[in-house]
Amino acid sequence: MAAKSLIRNVTSLSSELIQKKEQAKFEYWGATPAEARRAAVAKKKGLHDKRTTLKEAVARYAKDGMNLGLGGFVNTRTPVAIVHEIIRHGARNLTLSMQSNSICCELLAAAMIINPDHVSIKRVELAWWGYEVIGIAPLLRHLVQNGIIELDDYTNYGMSARFKAGSMGIPFIPTRDHGGSDMELVNRGRMIECPFTGENIYLVPACHPDLGIVHVQAADMHGNARIFGALCTCPEIAQAAVHTIMTCDQIIPNASIRQHPNLTEIPYAVVDAVVEQPLGAYPGASYGYNWFDMPEFLAFRGMCDEFRKTGNKDKLKAWFDKYIFGCETFDDFLATRPYKTIKELRQRDGVQPIILE
Amino acid sequence: MAEYGPFEMIAFTGSRVLEDNKIVFVGTGLPIIGAMHAQLTHAPSLNMIFEAGSLAAILEQGMPLSVGDTRAFRKAVFAKGLCSVFELTQRGYADYAFIGGAQVDMYGNIGSTIEGGDYLHPTVRFPGSGGAGAMAANCEQTIAIMALEKRRFVNKVDFITSIGFGDGSPDYRRKAGVMGSGPYRVITNQALFGYDENSRRMVLLEVLPGKTAKDIQELVSFELLISPDLKDMVEPSENDLKLLREKCDPDGYFLKRKVK
């Protein structure tokens, strides 16, 4: 039964906006639960060799109009290598879904600013878009303050729970947050009266990205993945998505996976493509392999901020021409970064113990 | 008395507010520093949750620069993902939410989504809720760090990102479906605030030595309640400052920032 909190007594939002949001017909921004189920059933379930190149994987699964689910969290295990390839390939009219991300969404936003006929973002369902200690996200500000993209705001748990609902094959999930905040009035969740307790409880819709992208530390050729440090919401995103592309720092033997099956965080069946890409999260961190590259983040964010302040996109365009469109592969991009930098990043995080055998 | 900066006072006060044998769900920056200082002094059995998914990490590699930093998982006792730690919180195992924000009102509702304009066409768009909205809903008590300025201590928050006591009605939080008891402290460099149990309005509890309640009221848009037992804020000792500067934030990422 539909219910309401007392948020209307205290909100600053206009009654027109509230009414508009209230009357909007609900739709999933990615696959519906039924579509996601059909896609899962149609997949071959054998232990196939799913190793491929990013070029092939992206050409096969990236489509205009898709909901792209971003793995990682802020600057940890950011699937940057996959994002570079999606930008090279081109993808228009995207919906992005994520809890918190930094450089992945800013890279896609910058690609849109440079050439919206090649890459464009239509809307984003999210909890947070920024760089934490490094600063706010300049392109988020540019795109939202100029009314170029639409946002749908949840909390970090809300977005994680939405992916979790998708991964569980259920159409929504109750959460104990959003209610009583303005998110209750603007996002696509609903307050109901719980049929069991009689108390109000907030429901958020499942999120099934059409394409989920994750970077993990280790996986076998079939896509059974181990993750160390923060799992973020990667297992849920991979299992909720219609298709999942996974990069890993290292391919490990299936025998290792079978030795410690409890360590598998993502099972092969939900993974469609596996690409061994050392430093695939760079400049983001990968626990046990490399810390994040602060100067690289600062430099990239600096270019984006300059564009926001001046409207001049020359520097950004030159950067993309050189480091994305001028590279065939992510290894070509990494080859432009000094060995000394990479070595230091590896040393700064190499002490984290991980289990590969 | 030792010389200290405004952010050092905030971090020290944050530490003072945290009790031992509790779990604190920390946001990036000063909340982490406050919790680290508390662990090094009066609260050795205080443990932190980092929202990317760790519990009770040992921060021997230094302060994490992000709540998803690999350092925030060092020697943790439990390392999973966002769902796990937010579900622990929803279940009742996180005592404090320790967050920041751009605007706060007299009932402790906090905004960190937009400032000015409207939701669809904001004058300034901030990164969004992140974990804050969920932390303020379901940690047992919310501690917020704010800059003490009229434009931040507002009559009405432009967009309520993190639930406080709403309109102040006694059943606001219950009808919102959230579990935590709500706002507890607001920390600034010149004043410490709490909330009145009956009216749920913000109360001035402590002021920086040399400041008066009137000085603080001038920096706040709404009418403050003043504690009948108004105290001076405790100032950090030489040893507290040494810990903050050498152990907690030696690179000065947060403590050496300038006040705008």
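Me: In which helix of chain A is the place of A:M159?

Reply: A:M159 sits in helix α7 of chain A. Helices here are DSSP runs of H or I with at least four residues, strands are runs of E with at least two, and both are numbered from the N terminus. The model is predicted: local features need pLDDT of at least 70, side-chain atom pairs count only at pLDDT 80 or more, and totals for chains, interfaces and linings use all residues. Residues are numbered from 1 along each chain as its sequence is written, while chains are lettered from A and ligands numbered from 1 in the order in which they are written.

Me: Is A:M159 buried or exposed?

Reply: Count C-beta atoms, placed from the backbone, within 10 Å of the residue's own: 20 or more others means buried, 12 or fewer exposed, and in between partly exposed. A:M159 has 31, so A:M159 is buried. A:I148 has 16 and is partly exposed. A:I148 lies in the loop between α6 (138–145) and β6 (150–153) of chain A.

Me: Which residues is A:M159 in contact with, leaving aside neighbours within four places in sequence?

Reply: Contact means that two C-beta atoms, placed from the backbone, lie within 7 Å. For A:M159 the partners are A:M98, A:Q99, A:L126, A:A127 and A:Y154.

Me: How do I read a sheet?

Reply: Strands of a sheet pair through backbone hydrogen bonds, either parallel or antiparallel. Pairing here requires at least two DSSP bridges between two strands. In chain A, three strands form an open, antiparallel sheet in the order β7-β9-β8. β7 (172–175) and β8 (190–193) of chain A are at the edges with a single partner strand each, so one side of each lacks a neighbour in the sheet. From one strand to the next, the twist averages 40°.

Me: How many bridges join β7(A) to β9 of chain A?

Reply: Four, and the two strands run antiparallel. β9 of chain A covers residues 200–205.

Me: How many residues of chain B are in contact with chain A?

Reply: On the chain B side there are 56, facing 63 residues of chain A. Elements giving two or more residues to the chain B side are α3 (82–91), β9 (122–125), α4 (132–138) and α5 (172–176) of chain B. The largest share, five residues, comes from α5(B).

Me: What does chain B contain overall?

Reply: Chain B has seven helices and 14 strands. Buried residues make up 59% of its 260 residues. Along the principal axes, the C-alpha atoms of chain B fill a box of roughly 45 × 45 × 35 Å.

How values were computed. Axes fitted to C-alpha atoms, helices over the stretch in contact; angles between N-to-C directions.
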